[in-house]
Amino acid sequence: MDMDGVLVREEHLIPGADTLIGELRDNQIPFMVLTNNSIYTPRDLRARLLRTGLDIPEESIWTSALATAGFLEQQRPGGSAYVVGESGLTTALHDIGYVLTDRDPDYVVLGETRTYSFEAITRAIRLVENGARFIATNPDEKGPSREGSLPATGAVAALIERATGHAPYYVGKPNPLMMRSALRVLGAHSEQTLMIGDRMDTDVRAGLESGLRTILVLSGISDEATADRFPYRPTTIVDSIADLVGHTTDPFDGKSSSH
């Protein structure tokens with residue numbers, strides 16, 4: 001399941017999320033909380049969720065930073081990268097033995113940050129021009145904040161792409177790569193797994209392209225009108241995760257599929 005808009009909203013628990021997680025545990029149903037945000041490590045996110053009243057273990061949190069590190073480890077073990085991002089991304093790359101450098105790196109890896117520096121972006125552009133391969137953790141163009149929208153990885157990636165003529169490879173949702181890596185960590189198969197998300201363009205699409213059934217919750221970004229505009233549909237739509245309480249063993253039966 002996605003995190004922001006599904007379990008929490010602006011640091012507040014979405015009603016019913018704690019009950020649902022408890023029910024999944026009671027029924028011994030394995031789950032993974034996914035986020036395209038690469039700022040935080042799973043430990044940071046666990047602490048953040050605990051403050052809202054949700055107890056999610058670190059090993060049940062999967063970020064675009066972890067998926068990106070896994071991808072790079074497969075592609076080029078022991079490589080080097082110039083990173084524009086925060087500790088979630090730098091920690092994940094350190095953990096796979098990557099060297100972080102601005103001297104002739106194998107990759108430029110762009111992630112989420114609250115303080116995009118013009119100098120860092122300029123450096124990334126020059127390194128890509130000089131042959132570094134361009135990777136971005138996720139394609140989200142903007143994210144929410146209390147003051148309004150914030151430019152996110154996708155928007156900054158577009159700037160670098162426009163300047164260099166090189167498009168990045170995005171690892172996070174909706175790339176099925178992120179879903180498949182999460183399925184491997186879960187030890188689950190796509191036929192027995194479903195994706196719960198609040199965005200049609202990332203969550204539902206990622207689930208669909210990975211062979212999972214999907215549930216769209218209307219407690220985040222997408223509403224029913226938004227959902228109708230896409231050329232694909234979720235398996236079912238519910239108002240919020242609270243509608244799935246009591247239905248963890250049969251999420252597509254009864255009141256959970258009322259829409």
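## Helix packing and pockets

Helix α3 (residues 64-75) and helix α4 (residues 87-95) have axes that come within 9 Å and cross at roughly 30°. Angles under 35 degrees count as roughly parallel, so α3 and α4 are roughly parallel to each other. As for handedness, α3 passes α4 in a right-handed crossing. On the α3 side the contact uses Ala-65, Leu-66, Ala-69 and Leu-72, and on the α4 side Gly-88, Leu-89, Ala-92 and Leu-93. Sorted by class, that gives seven nonpolar residues, one polar and no charged ones. Bear in mind that this is a predicted model.

Two packed helices are described by the angle between their axes and the distance between the axes. Here are the pairs side by side.

| Helix pair | Axis angle | Axis distance |
|---|---|---|
| α3 and α4 | roughly 30° | within 9 Å |
| α3 and α7 | about 90° | 10 Å |
| α5 and α6 | roughly 45° | within 10 Å |

Helix α3 also packs against α7, this time at an angle of about 90°, and the two are therefore roughly perpendicular to each other. Ser-64, Ala-67, Phe-71 and Gln-74 are what α3 brings along, and they meet Leu-177, Met-178, Ser-181 and Arg-184 of α7. The class count for this contact is four nonpolar, three polar and one charged.

Then there is the pair made by α5 (residues 118-129) and α6 (residues 153-164), with a crossing angle of roughly 45°, which makes α5 oblique to α6. Its crossing is right-handed.

The largest pocket holds about 760 Å³ of space. Its lining has 34 residues, with Asp-4, Asn-37, Arg-114, Gly-143 and Pro-144 the closest to the centre. At least two lining residues each come from β1 (8-9), β9 (142-145), β10 (148-151) and α8 (200-209), and β9 gives the most, with four. By class, this lining divides into 16 charged, 11 polar and seven nonpolar residues.

The second largest pocket contains about 560 Å³ of space. Of its 27 lining residues, Ile-29, Pro-30, Gln-192, Thr-193 and Leu-194 lie nearest the centre. Two or more lining residues are given by each of α1 (17-26), α7 (176-186) and β12 (194-197). Helix α7, the partner of α3 in the packing at about 90°, supplies the largest share of this lining, four residues.

Finally, a couple of backbone details. Most residues other than glycine have a negative phi, and most peptide bonds are trans. Gln-28 has a positive phi of about 55° although it is not a glycine; this residue is found in the loop between α1 and β3 (33-35). The bond joining Lys-173 and Pro-174 is a cis peptide, with omega about 10°. Pro-174 belongs to the loop between β11 (169-170) and α7.

Methods
Residues are numbered from 1 along each chain as its sequence is written. This is a predicted model: local features need pLDDT of at least 70, side-chain atom pairs count only at pLDDT 80 or more; totals for chains, interfaces and linings use all residues. Side-chain values use heavy atoms; hydrogens and water are left out. On a 1 Å grid over the protein atoms alone, a cavity is a set of points where a 1.4 Å probe fits but cannot get out, and a pocket is an open set with protein on both sides within 12 Å along at least five of seven lines; lining residues have an atom within 4 Å of a point. Grid points are joined across faces, edges and corners, and a volume is the space filled by probe spheres set on the points. Ala, Val, Leu, Ile, Met, Phe, Trp, Tyr, Cys and Pro count as nonpolar, Asp, Glu, Lys and Arg as charged, and the others, Gly among them, as polar. Axes are lines fitted to C-alpha atoms, for helices over the stretch in contact, and angles run from 0 to 180 degrees between N-to-C directions. Angles under 35 degrees count as roughly parallel, over 145 as roughly antiparallel, 65 to 115 as roughly perpendicular and the rest as oblique. A crossing is left-handed if the near helix is turned anticlockwise from the far one by less than a right angle, and right-handed if clockwise. Contact means heavy atoms within 4.5 Å.
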